[in-house]
Amino acid sequence: MGIVLYIWLGKEIEQGVEPNANGSADYMIILGAKVKPGGVPSLSLKSRLEVAVQYLTNYPHVKVIVSGGQGPDEDRTEASVMKDYLEKNGIEASRIIIEDQSTSTYENLVFSKELLPKETKKITIVSNDFHLKRAKYLAEALNFEVDVVAAKTPKLVEAKLRIRERAALLKTYIIGY
């Protein structure tokens, strides 16, 4: 039974990378990830930011919410590090909205929703490929229509993160957040 569950959750995670974003949503949310000392993005966060810069450059009408608070072992908020990275890579500050209180994927989405115009239904989510299934599930539970920009998961941390994500996805399916 455990093997079947493990395989099924792996297939669920693989489905997270669709539908691929095409500029039809006016707002993008970049989900936060670990920040190293000195405000250095982790490999996972850096890969999210790299694909976000490409996307935002291709779709200049899209505004972006950088979403992530400050963990106990972080010296800056994830949102502030993301904002700085985007600005250093040519994204205008006027396009960036900061959500810096969240400590989980669910809070990323709930707190970001509060910053969006009330009529906003369609959003683009940026995260690593392994994380998008759960992020989409949670966003859809908040009545969003979702498309995604998938960042590759760094090989160095991929195995660990995919195993952890299976447990997180199962918990989300059971508890709802």
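## Aromatic pairs

This predicted model holds 4 aromatic pairs. A pair of aromatic rings is described by the distance of the centres and the angle of the planes.

One of the pairs is formed by Trp8 and Tyr173. The centres of these two rings are 5.7 Å apart and the planes meet at 50°, so the pair counts as tilted. Trp8 has a relative accessible area of 40%, so Trp8 is partly exposed. Tyr173 is also partly exposed, at 22% relative accessibility. Together with Tyr137, Trp8 and Tyr173 form one aromatic cluster.

A further tilted pair is made by Tyr55 and Tyr59. Here the distance from centre to centre is 4.6 Å, and the angle between the planes is 45°. Is Tyr55 buried or exposed? Tyr55 counts as buried because its relative accessibility is 7%, and the cut-off for buried is under 20%. Tyr59, at 25% relative accessibility, counts as partly exposed.

## Charges over rings

Two contacts between a charged side chain and an aromatic ring can be described next. The charged end of Arg166 is placed over the ring of Tyr6, at 3.8 Å from the ring centre. In the other contact, the charged end of Lys113 sits over the ring of Phe144, and the distance to the ring centre is 5.3 Å.

## The largest pocket

The volume of the largest pocket is about 830 Å³. Its lining is made up of 34 residues, and those closest to the pocket centre are Gly32, Ala33, Lys34, Arg48 and Arg164.

Which elements give two or more residues to this lining? They are α2 (43-58), α4 (105-115), α5 (132-141) and α6 (155-175). Of the elements, α6 gives the most to the lining, with 8 residues.

By residue class, the lining of the largest pocket divides into 9 nonpolar, 14 polar and 11 charged residues. Lys34, Arg48 and Arg164, which are among the residues closest to the centre, belong to the charged class.

How values were computed
Residues are numbered from 1 along each chain as its sequence is written. This is a predicted model: local features need pLDDT of at least 70, side-chain atom pairs count only at pLDDT 80 or more; totals for chains, interfaces and linings use all residues. Side-chain values use heavy atoms; hydrogens and water are left out. On a 1 Å grid over the protein atoms alone, a cavity is a set of points where a 1.4 Å probe fits but cannot get out, and a pocket is an open set with protein on both sides within 12 Å along at least five of seven lines; lining residues have an atom within 4 Å of a point. Grid points are joined across faces, edges and corners, and a volume is the space filled by probe spheres set on the points. Helices (H or I, at least four residues) and strands (E, at least two) are DSSP runs, numbered from the N terminus. Rings of Phe, Tyr and Trp (its six-membered ring) pair if their centres lie within 6.5 Å; planes under 30 degrees apart count as stacked, over 60 as edge-to-face and the rest as tilted. Buried means under 20% relative accessible area, exposed over 50%, partly exposed in between (1.4 Å probe, protein chains only). A charge sits over a ring if NZ of Lys or CZ of Arg is within 6 Å of the ring centre and within 35 degrees of the ring normal.
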